[in-house]
Structures are given as C-alpha cells and as structure tokens.
Amino acid sequence: MTVFSKYVDRIAEKYEQSGLPNQAFSYALVGTALFALTIKVTVPYIKNIKCAKDENGKSNVGKGALTPLEIDATDEESKLAEAEKLLVEQQLKMKNKQMLEPGLNKEFLKQLGMLVRIMIPHKLCYETGLLTVHTLCLISRTFLSIYVAALEGAIVKFIVRKDVKQFALVLMKWFGIAIPATFVNSMIRFLESKLALAFRTRLVRHSYRLYFKNQNYYRVSNLDGRIENADHRLTEDISVFASSVAHLYSSLTKPCFDLMLIGLALMRSSRKMKANILSGPALSVSVIALTAHILRIVSPKFGQLVSEEANRYGYLRHIHSRIITNAEEIAFYGGHKVELQQLRTAYNRLVNQMNSIFSQKLWFIMLEQFFMKYVWSGTGMVMVSLPILTGTAVSKNSDNTHITAEVNDSSVSERTQYLTTARNLLISAADAIERLMSSYKEVVALAGYTYRVAGMLDVFEETAQGIYSKATLVANEEMNGIIEFREGKPIAKGRIIYSDDPGNMSICLRSVPVVTPNCDIVVPSLTLCIEPGVHLLITGPNGCGKSSLFRILSGLWPIYAGELHIPRPVENKPCMFYIPQRPYMSIGSLCDQIIYPDTREDMKRKGITENELMNILKLVTLEHIAQRDSFDVVRDWKDILSGGEKQRMAVARLFYHKPRYALLDECTSAVSIDVESSIYDIAKKMGITLLTITHRPTLWKFHTHILEFDGQGSWKFRKMDPNEKQKEKFIH
Ligand SMILES: Nc1ncnc2c1ncn2[C@@H]1O[C@H](COP(=O)(O)OP(=O)(O)OP(=O)(O)O)[C@@H](O)[C@H]1O
C-alpha cells in the first residue's frame, strides 16, 4: 500500500510539473476506481441475464432451464444425460414448491423448535446438565475478563505512579488469575464439543429409528423422490447441524453476557470520572444498530446458498458411492468415460456453487470489516474520551486555586487507569459485538442445515405412513378408478389383512392392482388365492410385473386398491422369505450369512447348533466353505463367493428359516441344474410352499399351479396338468 501511494505521489508530482493541477489527477484516480468497481458489479449481472436468455431459448426445444455449468464435455450423449438429470431435478423442485426455501422465517423457527425438542427431550436430562455447566462457564469467563481488564488498568496506574510494591502485587494477582481463566476457556470448548456430540447422538438415534420404521430405508429411495441422498443427510448434515447449534449457543450467549456486564462496568467507571453515563452507551447503541441494519439488508442469502452447496456435495458423494458399488460392471463395460464425465460434472456444480458463495462473501466481509474495525473503533475512541473530556472529577480544588503537583500526578494516573481499563473493556465489547454480528451469518447457515435435517425427518414421517411424493406422477384418465389422487399424491386405499387363524394360512389377493412407484399400472386387477402346498410358477415376458407381485406381497410397494390377506408372521416361523437373483451378503462371519436376518442370540434362542448349520451347507453343497474357514471368520463374502455360491448361500438361509412361503425370484439361475433340482426337492420336503419366477423349464415339475402374465395387463391363474409339467420349453 505504501509503495503504491508513493508511486501515486510521484506521478502526481510529475503531472503538476507538466502544468496539470493536482486536483485533476485526484479526480482521474477516483473516476478510474469507480469505473472499475462498476464493471466488477455489473458484468456478472449482464452475464447472468445472458445465461437466463440462453436457457429460455433452450427450454423452447425441450431441454429445460439448465444452470450454466463449466462442463468440458466433448461427448454429446453425456451432455444430454446431464440435461435430463437436471430437468428431473427441476421438476422435483417445482413439485415440492410447497416446501419453503431455507431462510430466517417462521418455518425455520418451527423446524428448529421441533429439532430442539428431539435434542433436549426433558427438562432434566444429560443435555440440560451440560448446558447449565456450559452457561456457568460462559458467565464466569465474562467476570474474569472484566476482572483482568481492571487489573491491567491498575498495573498501568502503578507504573505511572512509579509504585513498585503495588505494581508487583497486582502483577502477581494478574498471573494468579491466568490459571482459572485459561481453564475456563478450555472448559468452554470442551463443553461445546460434548454438547454438539450429545445433540448429534439424540438426532442420530431419532432419525435411525425413523429410517428403519416401516421399511423407510427402501421407501425413501425407491418410492419417494424428495430425498436424493439420505446417507449424506443422516451423517454429514446431522453432524454439521448439531455442531452449529452448540457453537451458536456459546457464540450468542457469551457476547450477550459480555455486553451486559461490560456495559455496566463502563458505566461505573464513567460515573467514577463524574461524567455523563448515558451519552457513550447511547452513541454506541445507535451506531451499532445502524451498521447492523445495513449489514442485514445487504447480506446475501447464506441459508439457501449453504443448503444448495450441501445438496451438490451430497450428489457428488452419491456418484462416488455408485461407482464403488458397481465398479466391476463399469470396468467390464469400459464405462469409465461416462462415469468420469458424471463425476466431473457433479464436482463442477459444487465448485460453481462454492465460487458463488466465495464471491458473495468477499464484498459482504469487506463491508462488515469496515464497519466493525473502523466505524466501531472510531465510536469507541469517542466513547472512551467523552468522560475525560467532559468529566469534572479532578480539575480544580475547593478554594479555586491550581492543584498541587502531587494531586496532579494522582489525577493523571487515575485517568490513565480509567483509559486502560475502558480500552480493554471496549476491545472485549467490540469483540463480543463482532461475534454477535458474525453469528448472524451462522444463524442463516444454520437455517440451511435445519431445513435439510428437519425436511429429512418430515419425509421419513410421511413415507412411514405411506405418503409419497414423486416428480413424475401425473394423474391421467387411465389411473382414474384404480388410483385415487389427493393433492397430487396417490392414496394407497388397499388394505392388508393379517390372519391369525392357524387353519387359514393362505395368501389371497382380491382385486389388487400392480402399480409401480411411478404410478404406472402394470396389472389393473389381480385376484388369486395361494394355499399352503400350492406351488406356484409365475411366468411372463420381461417387465410384466412378476417381481412387482413379490414386492406387493412383501409390503414394499403400496396397495392402491383391493385387499391382501396374509398370515400374521409368528416368532421362529416367518410367513414369507424372499430370495432375489443377486443375493445380499451381510457384513460378518459365515455363520452370520446363513442365519441372516437372525442374530447369534436369535440362533441360540432357537437352539440351532453349528452342526445343524453344517448340515444346511451340505444340502446346498457349500460344505467346502465351512471347511476352508470356520463359522466365525469374518470375510468380505460379497467378493469371496462366486455368483452361484452366493445364490446357494441364499438358499441355505431359506433352509435355516423354514418359512411357510418362499418367494424365489430366479434365485437359482447361476446354480447347476442337478443342485437346483435337489434344492427344490428339499424345500418341498421341508413343507415350504414355493412361489417361483423362473425361465428354466426344468423347474416346471416342482409346481402345481401356474400364473401367466401376458405383459398387457392380463393374467391367467390355473392348475398345471401333469403332461404340461414335462414340457421342455416355455411358450409365451
Ligand atoms: N422401483 C421402480 N420404480 C418404478 N418402476 C419400476 C420399479 N421397479 C420396477 N418398475 C417397473 O415395473 C414394471 C414391472 O417390473 P418387474 O420388476 O415386476 O418386472 P418382471 O416381470 O419381474 O421382469 P423381469 O422378468 O425382467 O425380471 C417394469 O415396467 C418396471 O420398469
């Protein structure tokens, strides 16, 4: 800066020598600065308007209004894919317009209140204990600050008076107070972290309970479109929200205590100086109120910005986890170009948002610093000097003669003490106000996180009750009569009736439509009754609704009409057990794989031994796995077992649980035909009723009935005749 001003001075001198007045040079300099500022402010707006126009142009050709991205895409297809994705996102946003944008509004207070009730469930709980101790620490820290300021004032006073003894005494006190002061400081941070963790734990427990209520983990991602990355909200957002609440508590309460007590202390010392005690505070309050108002008006909407940033960050993580999950498939396809493109785009979107926040912060922080560092300091100087300049404490003695040298000395040291103490107190007060002001930004950012966390809990509550919202849902004539819509959301009017009668263990569907989560009607109405011993073969072309029927029977998809009668599941004997084509391997040992979803405790309670597990493995010819490792060795079974072995492991689970009905969805497609036949034989001997989706003719003979879908919404349910069972080929 100094170099720059010297340079400017030198140029000014040169111009003066050449006959131009110094003033003209100043005008030129100010004019250039103003011109540069105007360009800086207007160019981004012009750019934005241009982009908006471009987008509108694009929307005419059906691509929707896209956010301008810095994509270095060369591949036209991935650009289209990106456009489609954004369009869907936008539709989702439009659909969820009723959900307010995050910001400092009534909705924020309502949501925050709801979350506070979760974090502090009772008046007397661990969290309120922590809050009390934390508050006490904050108050004692304020008292300590005031005491330290007074001590520093006294130290200066004794230095001016050259009183060595008193100076040493006060210095000792000053050192003595440092120990509790530093402890209290460290304690405040410790308690803040403990509070954040306690809040986080309460929220996590609550949201996990909701996430696992009524298969919400499935419903949220498959049936509802409002939460894109539940994992990110459940981990990152909750953690940031809890830390932000705990931090805000101390960064709001401590400055308030500070201001209150420091104000009182300042007024006391002004009174000592016999000055007007109201003029200083009145001046400071009006300056602070005015600057705070200006800052509030020009403050960018940090809540919305932060919420959008979290959204984009969550999406980036989602793309990463998809790549990890499907690494093998992507590698086989050689799909790295598309995946890389998607990853880059997601990252670019995040960077764009962060850049936008940075540049908005740049101007805001500049203004904030100008007010806080310069305007407030100037006001502080006026405040401190007012009692001295206007005070009447020591000027003249009673008989109107001039004061003696000793008295003069004492008054100077008194004034120095006042000035030092007041200066220290003012610095603390300015610090407190600065923290309060910057807390405003934190409160707005908190609004963003509150919106995400509270929004997630709201969606969990709704999906648990079967209320879903998807962007692609549009009621049309075909749906009328089958699906009823209320406020744009489909109503699941169908009923699930559990039967407790041991003599009636059948599964019956009465006029139940098969409807996808997007409300596409696959089968308008299905009526059939499956009794124990009715081994059902389900056939039909791809996408005709075979697996969807299993989803309806398992309660994963809502029933929009009709009735589903199923036996009530009893302990130790599940009613239905589903085996998919790609079985899920859990984290744990070999034993955990076989007994899943039972735990070791369940297994012990059922009285099943490792010998019995070994026998089950022999039934599916997997005994070599148990011989290779013990039952207790934990391995990554998803990668260790081959496709066929994983399918046989899933069948081992079926033999362990022995349910009434087995829902087999092409679950032996990778198993050799001889092992497959023996598996079906054993399952029937165990008394398990089979509901099988298969394309293998060799499995016909194990079934008594057939359900045929034609792919157009029609179906046929009938008994199979013995000759048909020998058929070698499917006829669709
Ligand atoms: N989660 C979902 N969201 C929306 N639609 C879905 C979903 N799952 C399946 N569908 C749609 O429902 C229809 C029936 O799917 P389903 O999985 O029942 O087919 P399928 O008969 O089992 O076919 P395949 O023999 O290929 O397994 C398909 O058109 C499919 O696109």
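These are my notebook entries on a few features I looked up in this predicted model.

I began with the UniProt record, an unreviewed entry, which lists residues 24-43, 124-150, 170-191 and 275-295 under "transmembrane region". I then checked two of these spans against the model. Residues 124-150 come out as 93% helix and 0% strand, with the end C-alpha atoms 38 Å apart, while residues 170-191 are 100% helix and 0% strand, with 31 Å between the end C-alpha atoms.

**Loop between α5 and α6.** In the loop between α5 (126-161) and α6 (164-211) I looked up Lys162, whose phi is near 60°, a positive value in a residue other than glycine. I noted Lys162 as exposed because 9 other C-beta atoms lie within 10 Å, and 12 or fewer count as exposed.

**Ligand shell.** I found 13 residues around the ligand, and the closest are Thr516, Asn542, Lys546, Ser547 and Ser548. Helix α14 (residues 546-553) gives the most to this shell, with three residues. Sorted by class, the shell holds three nonpolar, nine polar and one charged residues.

I looked next at Pro597, which sits in the loop between α15 (590-595) and α16 (600-606); the peptide bond leading from Tyr596 to Pro597 is cis, with omega near 10°. My last entry is Thr621, in the loop between α17 (610-619) and α18 (623-628), which is not a glycine and yet has a positive phi of about 50°. With 17 other C-beta atoms within 10 Å, Thr621 is partly exposed.

Terms used: Residues are numbered from 1 along each chain as its sequence is written. This is a predicted model: local features need pLDDT of at least 70, side-chain atom pairs count only at pLDDT 80 or more; totals for chains, interfaces and linings use all residues. UniProt positions are given in the numbering used here, feature names are shortened, and annotations may be inferred rather than shown by experiment. Helices (H or I, at least four residues) and strands (E, at least two) are DSSP runs, numbered from the N terminus. A residue is near a molecule or strand if its C-beta atom, placed from the backbone, lies within 6 Å of it. Ala, Val, Leu, Ile, Met, Phe, Trp, Tyr, Cys and Pro count as nonpolar, Asp, Glu, Lys and Arg as charged, and the others, Gly among them, as polar. A residue is buried if 20 or more other C-beta atoms lie within 10 Å of its own, exposed if 12 or fewer, and partly exposed in between; C-beta atoms are placed from the backbone.
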